Amino acid sequence: MPVSVGSLGFPRIGAKRELKFALEDFWSGKASAATLLEVARGLRRANWAKQHALGITHIPSNDFSLYDHVLDTSVMVGAIPAVYGWKGAEVSLELYFAMARGSGSMGLPALEMTKWFDTNYHYMVPELEPDQVFQLASTKPIDEYLEAKALGYETRPVLLGPVTYLKLAKSKDKALNPLDWLERLLPVYAEVLRRLHSHGAKWVQMDEPVLSLDLDEASQGAFRKAYTALAEAVPGLNLLLTNYFGGYGDNLELALSLPVAGMHLDLVRAPGELDLVTQKAPAELTLSLGVIDGRNVWRADLPAILDWIEPVVEARGEDKVILAPSCSLLHVPIDLSLETALDPELKGWLAFAVQKLEELSVLGRALNQGRGAAKDELAASAAAVAARRSSPKIHDPRVQERLARITPEMTRRKSPFPVRREAQQTHLGLPLFPTTTIGSFPQTGEVRKARAAFSKGELSAADYTDFLKSKVEEAVRWQEEIGLDVLVHGEFERNDMVQYFAEQLCGYAFTQHGWVQSYGSRCVRPPILFGDVSRPRPMTLEWATYAQSLTSKPVKGMLTGPVTMLQWSFVRDDLPREQVCRQIALALRDEVADLERAGIRIIQIDEPALREGLPLRRAEWDGYLAWAVECFRLCASGVADETQVHTHMCYSEFNDIIQFIGDMDADVISIEASRSKMELLEAFISYRYPNQIGPGIYDIHSPRVPSVAELVELLEKAQKHLAPDQIWVNPDCGLKTRKWEEVKPALANLVEAAQHLRKQSESRPNPQESL
Ligand SMILES: Nc1nc2c(c(=O)[nH]1)N[C@@H](CNc1ccc(C(=O)N[C@@H](CCC(=O)N[C@@H](CCC(=O)N[C@@H](CCC(=O)O)C(=O)O)C(=O)O)C(=O)O)cc1)CN2
Ligand code: MET
Ligand SMILES: [Zn+2]
């Protein structure tokens, strides 16, 4: 039997974002459920056909999802929280999307959403009731296996494994550990596997990426229990234990001890594990070798990979090896061949999902028939890698010189916070509980259409600029009217907070169709950072100064920080990430200086991706945090004491990194806090965070308009433990996904809540309670 070639999962949104548009049409009532399901079926069929045509032998099924695969798993096992009023029957589309997005008409909240490991993909957090019972509530994995079979494709179904599922879940009753439900959950998994097996499935891919994390005893025990039970329940079915986003590390012995037929290794993140595993793995264990990077867009060095794995194939036997991407291809764009505007030289260095599968297929051919059978492709691969390495496009001596001249002083503000605070108070004269927003205002259809028309050449640059200026003016006038203290220009000119900057920086390229799913129907086009980064000219100055020219109130300049620019891009792999991040920080430092020189007195540097950049294993945290904080400071510290630096973080937990947040030394930080009812503040309180802080009080992920009373209640909660002159009043995050009808009353209420607190504190001198 020859070496097999596998795929762990293919992007679901479609090369032209067909799923996004079908979903949004269905939600808005423009299209029927039947139409949505037909589009979904078409995408699955196309993906299977494509992978089959590319020579993939282990083709995935059940990697498709209408919204999110973790939500699908909750539905499969019947973990549907009581509020949704589910009666145990088939889960309707209405119910499914109510869990995903909430439902205004039924008054239902959405499940919580959070980041999938260290990616920019978001999953719906499973929520388990104290008396949770599990039952098979959806046969999606079986249906999709049979659907593929009917089309002539033998597939390898993908399931999110039971241990990872429970580790990602949260228990409604905080005293209970979701892992305690394992025994009750396993029969449902066993039933799914039994049915798949009885329909003819030979392999099932069990995704267990928590094996890339530090696992305690209980979690390790859960793995033993789960896989022993599943192996016993369905003898003869081959389970592929699939870990990705890192190596097995300390969990390697555990993984090797599990009764599974195969094991997947992420050899891009953990190349060192190949030797370890080949030494220790029993001879009958099939190894899925994740040699092609599923998280980045660079073409692989195929001859080098062959040099590396040929001996392994030789030693273990061809029938015991599957070639694979390091992880699901969900996190890369679909097809490079759609890109017609990329610099051809750069394009030659890249591979998207389709091209990555082609690379695997070439590797398979070379292993099975000898390198001669893939001579041209191997030569082209080697040439592309060599060309990238030596290209003058990626090296800029001026950037490297500047990097070498960074001094520690450049990462320190001139004076400590208490001094700066005085200076800023004098300079800005803000009231107690100053009000502001996080930056963006609604990206309406009108704004997006104008931008699309401009990029197609249907709208002139002058007309597009005039249009945007009119939006900025409207926004400024309206903010003045409702009485906000620190204004923003609204970010109407930005397609995305990362892409917008990348488009203006040297060293970055961007795509036309390189969409990657962020959550549900929302996608991003991560820019490609291929070379040394520099800023040829100011990027935001015109907008900030235009807005400031319209008002005597301070307008905040808005920048995306270096760590977020790094984290939400595809980054070159020929330099350490911290070096690349320093380059971005220097470019942004110049923008900060330009804004200050032009009279902008407050500058916000957003870092919402700082936490998601944390390495998966704790031992590596401090190293990362040290350079991430340094890069922020490098970007932010060039200004005078009077200039107020803000930062913003959302979707974050702070407890375990609060010391580093303190080290960033931003004058003001705004965070997401409203959903947790200010719980997130606890970290700041127990750390005695000294600088100013704006705990978000308006949940921007919901269309609901909060009342003045509830906003006041949240602020009072914050005021219990923070000094009144430490608190800012703002929403959780930017307002780009909201509608003006929601934003206008919500922000008016927010201003009123702040005014209420000001009045209260006049009559009540110091309400701060000691801890
Ligand atoms: N990069 C990044 N990551 C992030 C976030 C973020 O803001 N940026 N926020 C969090 C996730 N939240 C997100 C929130 C919203 C969207 C979002 O709204 N995405 C838009 C696309 C945004 C965009 O790039 N818009 C462009 C292109 C829009 C577009 O589709 N244009 C059409 C034509 C438009 C028309 O005719 O109406 C086309 O190109 O075909 C623009 O405005 O210019 C979408 O999926 O719809 C994505 C992520 C975490 N990660
Ligand atoms: C995901 S954080 C968003 C920050 C940005 N300034 C905005 O308001 O949209
Ligand atoms: Zn945010």
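Mentor: We will take the residue labels, then the ligand, then the domains. Keep in mind that this is a predicted model.

Trainee: Why is glycine 439 called buried?

Mentor: Count its neighbours. A residue is buried if 20 or more other C-beta atoms lie within 10 Å of its own. Glycine 439 has 25 of them, so it is buried. It is found in the loop between helix H16 (417-428) and H17.

Trainee: Which residues does glycine 439 touch?

Mentor: Val488, Glu491, Met558, Gln604 and Gly734, not counting residues up to four places away in sequence. Contact here means C-beta atoms within 7 Å.

Trainee: What makes aspartate 606 buried?

Mentor: Aspartate 606 has 25 C-beta neighbours inside 10 Å, and the cut-off is 20 or more. Therefore aspartate 606 counts as buried. Its place is in strand S19 (residues 602-606). Leaving aside neighbours within four places in sequence, aspartate 606 is in contact with Met497, Leu559, Thr560, Gly561, Thr564, Thr647 and His648.

Trainee: Which residues does the "binding site" annotation cover?

Mentor: The label comes from UniProt, in an unreviewed entry, and covers Ile438, Gly439, Ser440, Glu491 and Asp606. They are spread over 169 residues of sequence, yet they cluster in space.

Trainee: How do you know that they cluster?

Mentor: By the largest C-alpha distance, which is 13.0 Å.

Trainee: What surrounds ligand 1?

Mentor: A shell of 17 residues; the closest are Ala452, Asn495, Ser518, Arg522 and Val524. Helix H17 (445-455) and strand S15 (522-524) are the elements that give two or more residues to that shell. H17 gives the most, with four.

Trainee: How does the shell around ligand 1 divide by class?

Mentor: Into six nonpolar, five polar and six charged residues. Ala and Val count as nonpolar, Arg as charged.

Trainee: Which domains does the protein chain have?

Mentor: The domain assignment gives domain 1 (65-260) and domain 2 (402-763). Their centres, taken over C-alpha atoms, are separated by 36 Å.

Trainee: How do you know that domain 1 and domain 2 are in contact?

Mentor: By residue contacts. The cut-off is C-beta atoms within 7 Å. 20 residues of domain 1 are in contact with 13 residues of domain 2. On the domain 1 side, helix H4 (93-101) and strand S3 (113-115) are the elements that give two or more residues. S3 gives the most, with three. That side divides into seven nonpolar, eight polar and five charged residues.

Technical notes
Residues are numbered from 1 along each chain as its sequence is written. Chains are lettered from A and ligands numbered from 1 in the order in which they are written. This is a predicted model: local features need pLDDT of at least 70, side-chain atom pairs count only at pLDDT 80 or more; totals for chains, interfaces and linings use all residues. A residue is near a molecule or strand if its C-beta atom, placed from the backbone, lies within 6 Å of it. UniProt positions are given in the numbering used here, feature names are shortened, and annotations may be inferred rather than shown by experiment. A residue is buried if 20 or more other C-beta atoms lie within 10 Å of its own, exposed if 12 or fewer, and partly exposed in between; C-beta atoms are placed from the backbone. Two residues are in contact if their C-beta atoms, placed from the backbone, lie within 7 Å. Domain bounds come from an automatic or database domain assignment.
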